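Welcome, and please take a moment to look over the model shown here.

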There are 2 protein chains.
Amino acid sequence: MSKIAVIGVGQTKFSRRPDASIKEIAFEAFKEAVDDAQISTGDIQASIICSATHYDKQRTPAGVIAEYLGLNPQPTFNVEAVCASSGVGLRIGWSFISSGLHDVVAVVGFQKMTELSSAEVQEVMGRSGDVMWESPFGTTMPGYFALYARAHMQKYGTKPEQLAKVAVKNRFYATKNPKAMFQKEITVEDVLKSRMIASPLRRYDCCSNSDGAACLILAREEFARKVTSNPVWVAGLGLASSPMTLTSRDTSLSSFNCSAEAANQAYKMAGVTASDIDLAEVHDCFTITEIINYEDLGFCERGKGGSFAEEGQTYLGGKIPVNIDGGLLAKGHPVGATGASQIRTLVKQLRGDAGETQVNDAKIGLAHNLGGIGMYCAVTILKV
Amino acid sequence: MSKIAVIGVGQTKFSRRPDASIKEIAFEAFKEAVDDAQISTGDIQASIICSATHYDKQRTPAGVIAEYLGLNPQPTFNVEAVCASSGVGLRIGWSFISSGLHDVVAVVGFQKMTELSSAEVQEVMGRSGDVMWESPFGTTMPGYFALYARAHMQKYGTKPEQLAKVAVKNRFYATKNPKAMFQKEITVEDVLKSRMIASPLRRYDCCSNSDGAACLILAREEFARKVTSNPVWVAGLGLASSPMTLTSRDTSLSSFNCSAEAANQAYKMAGVTASDIDLAEVHDCFTITEIINYEDLGFCERGKGGSFAEEGQTYLGGKIPVNIDGGLLAKGHPVGATGASQIRTLVKQLRGDAGETQVNDAKIGLAHNLGGIGMYCAVTILKV
């Protein structure tokens with residue numbers, strides 16, 4: 001297979017953006033990525049526009065975005081896997097280059113969630129579950145993940161304090177990331193006192209609706225070497241699915257099967273194991289998700305995710321730094337942008353450009369991007 | 001590049017399906033394709049689910065569909081380019097195989113449009129135009145294409161009778177296709193007397209909202225040769241875009257630039273020219289679109305599309321048979337399914353399996369799948 005690099009990354013600050021349309025936030029991220037890659041728009045041979053649907057009025061947003069970014073008449077289209085949309089977009093971009101169709105591809109992830117009220121967002125999100133058997137009965141995202149939290153607690157003795165530690169870590173690192181939504185540290189006590197959302201998940205256990213975009217420029221090796229002296233290579237890709245309806249899943253509800261499957265694919269393709277990973281970005285839509293991810297990705301033993309968090313093993317200097325850009329919980333989670341934002345963080349780390357949060361001698365990074373209620377998972381391994 | 005075949009095709013009848021959910025219609029097409037390929041579900045390594053959004057309540061339909069089709073834990077996700085969704089899906093499936101990620105991929109296109117009222121469908125479709133500058137002012141699909149019809153008439157003298165001939169041809173061939181929505185012939189007079197929708201487009205100049213699904217099984221050569229003695233090869237692929245806002249386009253509004261661009265790419269990749277094509281499926285969402293497609297694809301000279309239709313050159317036995325399965329106008333246009341349905345028709349023809357409408361000695365077929373108001377175009381060339 002061809003060697004393919006991420007040669008440019010860009011991201012808006014994740015926040016509320018009543019001032020800007022989807023095409024404007026997409027442009028902000030795109031421009032930063034193009035500048036970062038030191039290429040021009042004319043070098044880009046295809047664009048892949050990634051977002052979840054129903055948060056704004058514009059259907060088929062690739063149409064307005066490709067036009068605004070100056071990317072006509074190149075191929076463009078929309079990819080959707082809810083929260084894993086841009087993780088999937090990266091896989092497609094990689095395939096377009098690897099198959100010989102293109103040399104340089106832009107993957108643009110975006111979401112503008114704040115045009116709707118919080119209640120409307122919850123209704124829309126609920127319809128990422130089965131609309132015949134689940135969402136009509138009032139399922140919401142926090143509700144789905146609360147089931148996993150309860151099950152994990154029951155099976156493994158995971159405690160609310162351990163969940164809280166994840167939120168504390170990610171809020172802490174967000175204060176080091178100027179593009180993160182939340183910029184104030186919190187304590188375990190703050191988490192445990194925060195408003196109950198879906199027991200046992202409290203306010204600080206949940207990520208927030210936000211607006212933002214992130215962009216990746218992918219290129220074939222020959223092109224990459226011409227424009228950059230520090231390419232970051234896509235070494236492993238995994239993509240897997242789980243049943244959408246909860247009753248069709250592993251009924252223990254204490255693991256996301258698609259995460260383990262996608263990770264295995266990516267590890268195999270990259271020729272590495274979990275212990276080779278220098279840092280990871282994982283999908284912490286809720287604190288429980290990050291804890292389960294540790295286990296599904298093989299960073300710790302099954303059932304030990306809670307104590308892994310409690311021991312601080314995922315801080316800088318721990319066994320494996322995780323979400324040291326703030327993660328979804330504190331950086332923000334404009335859903336279509338999240339996968340690309342994870343890759344951006346890894347690329348900066350692997351280039352040695354991460355400033356205060358730099359992981360020493362980082363050579364291999366992993367991004368884990370979960371879709372919806374755990375029915376899609378994209379895992380990407382990057383190497384220098 | 002690897003040689004990749006379409007080894008299985010399936011399609012529901014296009015019609016109104018109040019009896020079935022999206023997963024059920026997807027299953028009907030999928031089962032037919034799997035049976036046609038003489039493989040089992042377990043052979044399929046990834047699925048690409050293609051549809052336009054907002055016609056039904058289910059968000060991220062790949063979740064429910066992959067589950068219902070028994071395709072977990074394989075990769076799955078949604079691709080959207082409005083009416084060109086499954087044309088784009090085929091490109092992605094091809095890339096997944098060509099890049100070495102997978103050997104066998106299912107592309108499933110579907111749409112269930114009749115859950116909404118006709119007025120609601122028009123509102124949803126209007127939002128496939130720019131929601132800042134166009135749709136709030138009342139643009140609809142017939143309105144957009146009526147502008148093209150008027151411009152073509154003014155520039156080239158194209159007549160309503162010539163448009164009507166396209167509808168007459170496609171309704172005629174639909175009567176030979178048991179999977180087509182409309183099963184009655186019409187006359188030019190019927191078209192010219194039908195209700196005005198958006199001048200100069202009348203009822204019979206417009207395709208109809210419908211429900212349906214179509215599925216393609218793609219496979220790498222080695223696998224294809226094991227399971228079938230009549231593989232149909234993907235020889236050429238083109239994908240291009242045009243600006244979404246009309247004011248940013250070629251202001252003559254008498255051609256879809258993305259069609260010509262995508263066709264050029266596909267011709268080049270397949271090493272053929274327009275005159276080598278034995279039959280074509282083109283995107284006749286409106287009669288005027290088919291006429292402009294003749295010109296954009298190089299089947300006739302620029303400006304001569306009207307007389308090309310009038311002369312019957314696109315009937316069986318004419319210069320190039322076009323839409324002899326009924327096309328969107330008469331077979332139906334459940335938007336996400338259309339691209340895959342076009343490929344199904346070509347595959348049957350190239351296998352020599354098309355019965356009464358068989359094109360003699362058909363060796364090369366072309367599918368042209370236009371998205372939305374002409375901002376995406378996928379062209380695929382198949383060969384035996």
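The notes below go through the chain contact and then a few individual residues.

This is a predicted model, in which local features need pLDDT of at least 70, side-chain atom pairs count only at pLDDT 80 or more, and totals for chains, interfaces and linings use all residues. Residues are numbered from 1 along each chain as its sequence is written, while chains are lettered from A and ligands numbered from 1 in the order in which they are written. Helices (H or I, at least four residues) and strands (E, at least two) are DSSP runs, numbered from the N terminus.

**Where the chains meet**

- Chain A brings 52 residues into contact with 51 residues of chain B; contact here requires C-beta atoms, placed from the backbone, to lie within 7 Å.
- On the chain A side, α2 (62–68), β3 (76–80), α3 (85–98), β8 (232–241) and α9 (257–270) each give two or more residues.
- That side of chain A is made up of 24 nonpolar, 21 polar and 7 charged residues, where Ala, Val, Leu, Ile, Met, Phe, Trp, Tyr, Cys and Pro count as nonpolar, Asp, Glu, Lys and Arg as charged, and the others, Gly among them, as polar.
- Strand β3(A) pairs with β3 (76–80) of chain B in the antiparallel sense, over 3 bridges; pairing takes at least two DSSP bridges between the strands.
- Within this pairing, N78(A) is opposite E80(B) of β3(B).

**Cis peptide bonds**

- Most residues other than glycine have a negative phi, and most peptide bonds are trans.
- S199(A) and P200(A) are joined by a cis peptide bond with omega of about 10°, and P200(A) sits in the loop between β5 (196–198) and β6 (201–202) of chain A.
- In chain B, the bond from N72(B) to P73(B) is cis, with omega near 5°; P73(B) belongs to the loop between α2 (62–69) and β3 of that chain.

- N323(A) is not a glycine, yet has a positive phi of about 55°, and lies in the loop between α11 (305–310) and α12 (327–331) of chain A.
- N323(A) counts as buried because it has 27 C-beta neighbours inside 10 Å; the cut-offs are 20 or more other C-beta atoms within 10 Å for buried, 12 or fewer for exposed, and partly exposed in between, with C-beta atoms placed from the backbone.
- D361(B), also not a glycine, has a positive phi of about 55° and is found in the loop between α13 (335–351) and β10 (364–371) of chain B.
- With 7 other C-beta atoms within 10 Å, D361(B) is exposed.

How values were computed
Contact = placed C-beta atoms within 7 Å.
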